[in-house]
Amino acid sequence: MADGTFKKIEDVQIGDMVLSWNFIIGQIEATPVSLYWNHGEAIYKILNLEFSNGATVRVINTHGFFNYTLNKFIYINEENYRDYIGHEFVS
């Protein structure tokens, strides 16, 4: 969350302030949630990505991250996640 607290993604509501990457200015900023899309967890495989800082991100299909190691935005999914083990990401 934008205030430094954490919520499960299923508990985030429209209007909550979260941190997001602003592609125009190239930095993280506080942004209100404006859309909630339920992909239907039961019909997708869930990839649990665990990071060295203890964070876990649950991904369905593909999720974008800014990769500090490569200095670019990348998309991680079930087919390529192993390619990014050991890389540093924005958190």
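Modeller: The account below begins with the chain and then turns to the aromatic rings.

The model is a predicted one. The protein chain contains six strands and zero helices, so that β-β-β-β-β-β is the pattern read along the sequence. Its C-alpha trace spans about 35 × 35 × 25 Å along the principal axes. Of the 91 residues in the protein chain, 19% are buried. The accessible surface comes to about 7,200 Å², and carbon and sulfur atoms contribute 53% of that area. As for contacts in the protein chain with a separation of 6 or more, 17% are between residues 24 or more positions apart.

Against this background, the structure holds six aromatic pairs. One of them is formed by Phe-51 and Phe-89, with the ring centres 5.8 Å apart and an angle of 75 degrees between the planes. This pair counts as edge-to-face because its angle is over 60 degrees. The two residues belong to distant parts of the chain, 38 residues apart. Phe-51 sits in the loop between strand E3 (46–50) and strand E4 (56–60), while Phe-89 is found in the segment after strand E6 (72–77). The partners also fall into separate exposure classes, for which the cut-off is 20% relative accessible area. Phe-51 has a relative accessible area of 23% and is therefore partly exposed, whereas Phe-89 has a relative accessibility of 14% and therefore counts as buried.

Phe-89 takes part in a further aromatic pair, with Phe-65 as its partner. Here the centre-to-centre separation is 5.9 Å and the planes make an angle of 65 degrees, so this arrangement is likewise edge-to-face. Phe-65 lies in strand E5 (residues 62–67) and Phe-89 in the segment after E6, so the pair ties together parts that are 24 residues apart in sequence. Both Phe-65 and Phe-89 are buried. Phe-89 thus pairs with Phe-51 and with Phe-65, which means that the segment after E6 is linked through this ring to the loop between E3 and E4 and to strand E5.

Elsewhere among the aromatic residues, Trp-21, Phe-66 and Tyr-68 are joined into a cluster by ring pairs.

The protein chain has 11 negative and 6 positive side chains, and the centres of the two sets are 5 Å apart.

Methods. Residues are numbered from 1 along each chain as its sequence is written. This is a predicted model: local features need pLDDT of at least 70, side-chain atom pairs count only at pLDDT 80 or more; totals for chains, interfaces and linings use all residues. Side-chain values use heavy atoms; hydrogens and water are left out. Helices (H or I, at least four residues) and strands (E, at least two) are DSSP runs, numbered from the N terminus. Buried means under 20% relative accessible area, exposed over 50%, partly exposed in between (1.4 Å probe, protein chains only). Contact means heavy atoms within 4.5 Å. Accessible areas come from the Shrake-Rupley method with a 1.4 Å probe; for residues, only the protein chains shown count as cover. Lys and Arg count as positive and Asp and Glu as negative; His and the chain ends are not counted. The place of a charge is taken as NZ of Lys, CZ of Arg, CG of Asp or CD of Glu. Rings of Phe, Tyr and Trp (its six-membered ring) pair if their centres lie within 6.5 Å; planes under 30 degrees apart count as stacked, over 60 as edge-to-face and the rest as tilted.
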